Amino acid sequence: MKINIDFSLSGRFDVVEQTIFRLVIGGVKDVRTIVALLSIYSDEVIANAIRKLVNYQILSANIEARTLSVSEVLLALMEKCIQQSRQLELSIETGIPSDQNKVFITDEVCKRQILNALLPEINTGFLAKSLDFVIYEEGGQNE
């Protein structure tokens with residue numbers, strides 16, 4: 001079956017980390033701007049969230065420029081997910097079916113299979129615990 005793949009940060013990341021990730025994806029890269037936008041949180045909370053995202057290789061930090069960017073491996077993964085649908089052989093035994101021809105992937109082994117299929121030339125196993133995947137049949141979701 002031809003499928004499309006999408007991903008998001010897993011539940012191991014809290015609301016501050018998820019928000020910072022979304023801001024960086026949306027083009028907000030300056031750390032001072034991010035801190036200002038998240039002024040409801042303390043500087044320590046924001047700094048810990050950024051540290052976690054960088055340590056898990058979700059984001060990259062340029063300390064001199066005080067900017068954040070999406071890590072190279074995540075950029076490569078995004079590029080693969082945006083490309084055309086693909087034919088993949090996956091053993092999806094532990095996904096959570098949905099009513100819209102989507103399967104939410106919960107099994108870490110299956111997540112590793114997806115990562116290996118999308119980026120076979122890069123060791124991406126470390127991302128299996130950091131990302132959640134949704135696969136859906138081609139044409140099964142509004143693009």
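Ser-71 sits in the loop that joins β3 (67-70) to α4 (72-82). The model described here is a predicted one. With a relative accessibility of 5%, Ser-71 counts as buried, because buried means under 20%. A polar atom of the Ser-71 side chain lies 2.7 Å from the backbone oxygen of Gln-57. Apart from neighbours within four places in sequence, Ser-71 is in contact with Gln-57, Ile-58, Leu-59 and Ser-60.

**Helix α4**

The buried residues of α4 are Val-73, Leu-74, Leu-77, Met-78 and Cys-81. Viewed down the helix axis, these buried residues of α4 fall within an arc of 140°, so they line one face of the helix. On the face of α4 turned away from that buried side are the exposed residues Glu-72, Glu-79 and Ile-82.

**The largest nonpolar core**

The largest nonpolar core comprises 36 residues. Those with the most contacts inside it are Ile-20, Ile-58, Leu-59, Leu-74, Leu-77, Leu-131 and Phe-133. At least two residues of this core come from each of β1 (2-9), α1 (15-25), α3 (43-55), β3, α4, α5 (108-118) and β7. Two of the residues with the most contacts in the core, Leu-74 and Leu-77, are also among the buried residues of α4. Ile-58 and Leu-59, likewise among those with the most contacts in the core, are in contact with Ser-71.

For Ile-20, the contacts beyond four places in sequence are Ile-34, Leu-38, Ile-46, Ala-49, Ile-50, Leu-53, Leu-59 and Leu-68.

**Strands β6 and β7**

Five of the seven residues of strand β7 (residues 131-137) are buried, so this strand is largely enclosed by the rest of the structure. Strand β7 pairs with β6 (residues 102-105) in the antiparallel sense, over four bridges. Within this region, Phe-104 has Val-134 of β7 as its bridge partner. In a regular strand, side chains alternate between the two faces of the sheet.

**Cysteines and buried positions**

A search of the whole structure finds zero disulfides. Cys-81, one of the buried residues of α4, has a relative accessible area of 13%. Cys-110 is also buried, with a relative accessible area of 2%.

| Residue | Relative accessible area | State |
|---|---|---|
| Ser-71 | 5% | buried |
| Cys-81 | 13% | buried |
| Cys-110 | 2% | buried |

Technical notes. Residues numbered from 1 in each chain as written. Predicted model: local features only at pLDDT ≥ 70, side-chain atom pairs only at ≥ 80, totals over all residues. Heavy atoms only, no water. Buried < 20%, exposed > 50% of the residue type's maximum accessible area, 1.4 Å probe, protein only. Polar contact = N/O pair within 3.5 Å; in protein donor to acceptor, adjacent residues only side chain to side chain. Contact = heavy atoms within 4.5 Å. Pairing = 2+ DSSP bridges. Disulfide = S-S within 2.5 Å. Core = buried A, V, L, I, M, F, W, Y, C linked by side-chain atoms within 4.5 Å. Arc of directions from axis to C-beta.
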